[in-house]
Amino acid sequence: MSLLQISQLSKIYRKGDIQIDALKDITFNVNQGAFVSIVGRSGSGKSTLLNLIGGLDTATSGHIIFNGKDLTRMKRSELAQHRRFSVGMVFQSFNLIPHRSALENVMLALTFGGIPRFQRRERATQLLSRVGLEQRLHHKPAELSGGEAQRVAIARALANSPAMLLPDEPTGNLDSTTAREIINLLQDLNRSQGVTIVMVTHEQDVAISVSSEVIRLLDGQIEQYDQTGEAP
Ligand SMILES: Nc1ncnc2c1ncn2[C@@H]1O[C@H](COP(=O)(O)OP(=O)(O)OP(=O)(O)O)[C@@H](O)[C@H]1O
Ligand SMILES: [Mg+2]
């Protein structure tokens with residue numbers, strides 16, 4: 001079943017007299033349970049695509065149907081709901097709140113879900129245990145390694161049980177061993193929890209080894225679409 005259907009999606013940025021076609025006529029589907037990697041050189045439109053799926057930015061034309069609902073027709077409030085509950089974004093630079101502990105960072109994401117405070121603490125603890133950080137609950141981001149900080153960001157992204165994780169270069173700031181651990185964690189979440197993943201990565205080998213599909217962008221267009229045969 002398709003969780004996400006993207007059709008004829010385009011995004012034009014206008015800066016003064018310059019027009020940038022960041023995405024041009026993008027069409028593809030993502031099935032429930034898939035692990036899709038988006039690859040392509042710098043400036044090819046990868047983050048733009050992820051941000052549109054995540055509801056952080058709006059399309060110029062085309063459609064993004066998520067779970068049967070078209071993001072491009074949503075009201076602001078519906079889009080806010082989509083960002084909070086349907087998807088979980090993960091960034092290269094972690095984007096954690098510096099003066100808050102790992103536990104508090106995850107608990108903050110649960111604030112909007114209407115869960116009572118004591119349950120938020122319990123759920124945040126569970127989420128951090130799931131990513132292997134039960135011994136680091138009270139560390140602040142600066143007191144964590146890069147790999148640990150990214151695990152906190154992943155726990156936070158999972159807080160409201162999103163159907164889809166959207167990691168943008170999640171291993172870009174990590175050494176290769178730590179990067180592999182983060183990829184293994186994402187793969188485990190995909191396989192054992194059934195979380196659908198659409199991930200931007202520079203690492204072609206990683207993409208091929210864990211993904212069910214690899215989409216290569218070039219100048220805002222799909223240059224290549226491969227099914228790797230990797231079981232989702
Ligand atoms: N907010 C914006 N305003 C204007 N132009 C933008 C904006 N965001 C991105 N662009 C342009 O759109 C194009 C695609 O950018 P995007 O960030 O999607 O690339 P990317 O594939 O993620 O690159 P990288 O691998 O370097 O992260 C680039 O040419 C960029 O300069
Ligand atoms: Mg990018």
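Is serine 161 buried or exposed? Serine 161 is exposed, because its relative accessible area is 53%, where buried means under 20% relative accessible area, exposed over 50%, and partly exposed in between (1.4 Å probe, protein chains only).

Before continuing, note the conventions. This is a predicted model, in which local features need pLDDT of at least 70 and side-chain atom pairs count only at pLDDT 80 or more, while totals for chains, interfaces and linings use all residues. Residues are numbered from 1 along each chain as its sequence is written, chains are lettered from A and ligands numbered from 1 in the order in which they are written, and side-chain values use heavy atoms, with hydrogens and water left out.

**Stop 1: two residues with positive phi**

Keep serine 161 selected. Serine 161 lies in the loop between helix H5 (146–157) and strand S7 (164–168); helices (H or I, at least four residues) and strands (E, at least two) are DSSP runs, numbered from the N terminus. Although not a glycine, serine 161 has a positive phi of about 50°. Most residues other than glycine have a negative phi.

Next, select phenylalanine 94, in the loop between S6 and helix H3 (102–110). Phenylalanine 94, again not a glycine, has a positive phi of about 70°. The relative accessible area of phenylalanine 94 is 16%, so this residue is buried.

**Stop 2: ligand 1**

Of the 13 residues around ligand 1, Ser42, Gly43, Lys46, Ser47 and Thr48 come nearest; a residue is near a molecule or strand if one of its heavy atoms lies within 4 Å of it. The residues of this shell divide into 3 nonpolar, 7 polar and 3 charged. In that division, Ala, Val, Leu, Ile, Met, Phe, Trp, Tyr, Cys and Pro count as nonpolar, Asp, Glu, Lys and Arg as charged, and the others, Gly among them, as polar.

Colour the shell by secondary structure. Strand S1 (2–15), strand S2 (18–31) and helix H1 (46–53) each supply at least two of its residues, and H1 gives the most, with 3 residues.

Then display distances to the oxygen atoms of ligand 1. An N or O atom in the side chain of threonine 48 is 2.6 Å from an oxygen atom of the ligand. For serine 47, a polar side-chain atom lies 2.9 Å from a ligand oxygen atom. At glycine 45, a backbone N or O atom lies 3.0 Å from an oxygen atom of ligand 1. On its own, ligand 1 has 640 Å² of accessible area, of which the protein covers 64% (Shrake-Rupley method with a 1.4 Å probe).

**Stop 3**

Select S1, S2, S4 and S5. Which order do the strands of this open sheet have? The order is S2-S1-S4-S5, with antiparallel pairing. S2 and strand S5 (69–70) are the edge strands, each pairing on one side only. Two strands pair if DSSP finds at least two bridges between them; strand S4 (residues 61–66) and S5 pair over 2 bridges. Phenylalanine 66 stands opposite lysine 69 in S5.

Now select glutamine 19, in strand S2. Glutamine 19 is partly exposed, with a relative accessible area of 42%. Not counting residues up to four places away in sequence, glutamine 19 touches Ile12, Tyr13 and Arg14 (contact means heavy atoms within 4.5 Å). The side chains of glutamine 19 and aspartate 21 are joined by a polar contact of 3.4 Å.

**Stop 4: valine 87**

Select valine 87, in strand S6 (residues 87–91). Valine 87 counts as buried because its relative accessibility is 4%. Leaving aside neighbours within four places in sequence, valine 87 is in contact with Ile53, Gly54, Phe66, His82, Pro162, Met164 and Leu166.

**Stop 5**

Finally, select strand S9 (residues 213–218) and strand S10 (residues 221–227), which pair in the antiparallel sense over 6 bridges. The bridge partner of leucine 217 is isoleucine 222 in S10. S9 and S10 form a hairpin with 2 residues between them, and aspartate 219 in the turn has a positive phi of about 50°. Isoleucine 38 stands opposite isoleucine 215 in S9.

Terms used: Polar contact = N/O pair within 3.5 Å; in protein donor to acceptor, adjacent residues only side chain to side chain.
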